[in-house]
Amino acid sequence: MATFTAIRIDKSESGQTAALVDFDEADLMPGDVTVRIEWSTVNYKDGLAITGKAPVVRRFPMIAGVDFAGSVIASSHPQWKPGDQVILNGWGLGETHLGAYAELARVNGDWLVALPKGMSARDAMAIGTAGYTAMLAVMALERHGLTPQRGPMIVTGAAGGVGSIAVAILVRLGYQVIASTGRLEEADYLKSLGAAEIVERKDLSGPPKPLAKERWVGGVDSVGSTTLANVLSMTRYGGAVAACGLAGGMDLPTSVAPFILRAVSLLGIDSVMCSLPLRRAAWARLDSDLDRSKLAVMTTEIGLADVIEASRRIVAGQVRGRIVVKIGG
Ligand code: NDP
């Protein structure tokens with residue numbers, strides 16, 4: 001194909017714009033693998049990139065979209081051949097390298113992970129960067145030695161993408177899960193994913209005390225700011241919290257008290273530059289430890305033409321669970 005459909009972000013003196021356009025294949029960036037993209041997804045970061053609310057995009061013009069699943073159509077990379085089914089999350093896709101909201105991508109073959117055998121490309125993007133990040137967070141908590149016997153887990157931003165998948169994984173692993181949400185109307189949804197208890201967002205939004213009553217042994221936090229500070233202050237002795245998001249803000253108004261008086265650990269999670277062995281392990285765990293019927297419940301399907309509107313909604317905190325994007329006809 002000489003041209004293909006894509007969502008292109010441009011920047012001019014009047015600001016940043018995003019539009020569905022015909023993109024010339026000749027303008028793809030260098031790479032040793034060309035992929036026909038079948039599915040993508042809308043993550044919070046995609047919302048920030050498309051709306052321009054945060055400086056995610058660092059090259060213009062840019063094709064937006066930070067992750068995709070698809071099949072290899074050309075490769076000079078030793079590991080990949082035409083027909084291979086692959087996943088790409090991060091590595092600067094949609095930020096510094098032309099991204100996923102497009103029918104074609106040309107990328108570095110070292111960035112790709114094989115689609116797990118039992119997983120469809122659609123399911124891989126229903127999981128997407130949000131779900132793969134939730135799995136990285138759970139694996140970090142496990143490396144810290146946490147087990148269901150040690151106590152309950154809190155998940156913040158629970159009705160969002162990272163949150164919904166974290167709830168489903170932790171429940172599948174046997175944890176009692178406490179889900180924190182600002183949308184109490186989603187309580188039944190969160191219980192359908194297996195959450196045992198719902199905590200209102202406002203209960204974790206007040207000024208954090210250095211130490212508060214111990215309520216959970218650990219957690220997955222996609223909110224940051226005051227919420228994370230409150231979660232830390234309520235974490236049991238020896239527990240750990242995996243910080244992976246900033247939906248509530250970049251700041252962290254905490255004290256050292258949870259760390260030095262309760263031996264609590266704060267575990268940082270990054271999906272973008274995460275090593276290949278850890279990525280492969282996370283995708284293998286997603287294949288085995290995420291209930292697909294729960295993934296189906298949390299997933300809404302849209303087309304490429306709907307992505308710009310969905311981006312506005314995710315930044316406004318109005319998306320429940322995950323959005324999967326069908327690329328092409
Ligand atoms: P979603 O929008 O799907 O989920 C975020 C959730 O956070 C919302 O659904 C909402 O949950 C809650 N929330 C939103 N705004 C606020 C607010 N002002 N105060 C408190 N809670 C709020 O986004 P994703 O799940 O895709 O991403 C979640 C976060 O994780 C983002 O910050 C994203 O950038 C980050 N992330 C980081 C990655 C990494 O590599 N570290 C990778 C992927 C994501 P509810 O309605 O239930 O309260």
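## Helix 2 and Thr133

Thr133 belongs to helix 2, which spans residues 121-143. In this predicted model, the residue has a relative accessibility of 8% and therefore counts as buried, the cut-off being under 20%. Apart from neighbours within four places in sequence, Thr133 is in contact with Cys244, Ile269 and Ser271.

## Overall architecture

The protein contains nine helices and 16 strands. Its radius of gyration is 20 Å, which agrees with the value near 20 Å that a compact globule of 329 residues would have. Along the principal axes, the C-alpha atoms occupy a box of roughly 60 × 45 × 35 Å.

Of the 329 residues, 55% are buried. Among contacts with a separation of 6 or more, 72% are between residues 24 or more positions apart. The accessible surface amounts to about 13000 Å², and carbon and sulfur atoms contribute 53% of that surface. The side chains include 33 positive and 32 negative ones, with the centres of the two sets 6 Å apart.

Three strands form an open sheet in the order 2-1-4, and their pairing is antiparallel. The edge positions are taken by strand 2 (15-24) and strand 4 (62-63), each of which pairs on one side only. Strand 1, residues 3-12, is joined to strand 2 by ten bridges, and the two run antiparallel. Within this pairing, Phe4 has Phe23 of strand 2 as its bridge partner.

Helix 1 covers residues 44-51, and its buried residues are Asp46, Gly47, Leu48, Ala49 and Ile50. These buried residues pack against strand 1 and strand 2, and also against strand 3 (33-41) and helix 9 (307-315). Just after helix 1, Gly52 adopts a positive phi of about 75°. The loop between helix 1 and strand 4 contains Pro61. The peptide bond between Phe60 and Pro61 is cis, with omega about -10°.

## The loop between strands 6 and 7

Gly99 is located in the loop that links strand 6 (85-89) to strand 7 (104-107). With a relative accessibility of 1%, Gly99 is counted as buried. Beyond its neighbours within four places in sequence, Gly99 is in contact with Ile37, Met62, Ile63, Ala64, Gly65, Leu93, Gly94 and Ala105. The C-alpha atoms of Gly99 and Thr235 are 38 Å apart, and the two residues are separated by 136 residues along the chain.

Trp91 is also found in the loop between strand 6 and strand 7. Its phi is positive, at about 60°, although Trp91 is not a glycine. The relative accessibility of Trp91 is 17%, and because burial is defined as under 20%, this residue counts as buried.

## Helix 5

Helix 5 comprises residues 225-233, and eight of its nine residues are buried, so the helix is largely enclosed by the rest of the structure. The buried set consists of Ser225, Thr227, Leu228, Ala229, Asn230, Val231, Leu232 and Ser233. The elements covering these residues include strand 9 (153-155), strand 12 (216-221), strand 13 (235-243), helix 6 (257-261) and strand 14 (265-268).

Ser225 lies in helix 5. This residue, which is not a glycine, has a positive phi near 50°. Its relative accessible area is 8%, and Ser225 is therefore buried.

Technical notes
Residues are numbered from 1 along each chain as its sequence is written. This is a predicted model: local features need pLDDT of at least 70, side-chain atom pairs count only at pLDDT 80 or more; totals for chains, interfaces and linings use all residues. Side-chain values use heavy atoms; hydrogens and water are left out. Two strands pair if DSSP finds at least two bridges between them. Helices (H or I, at least four residues) and strands (E, at least two) are DSSP runs, numbered from the N terminus. The radius of gyration is taken over C-alpha atoms; the globule rule is 2.2 Å times the number of residues to the power 0.38. Buried means under 20% relative accessible area, exposed over 50%, partly exposed in between (1.4 Å probe, protein chains only). Contact means heavy atoms within 4.5 Å. Accessible areas come from the Shrake-Rupley method with a 1.4 Å probe; for residues, only the protein chains shown count as cover. Lys and Arg count as positive and Asp and Glu as negative; His and the chain ends are not counted. The place of a charge is taken as NZ of Lys, CZ of Arg, CG of Asp or CD of Glu.
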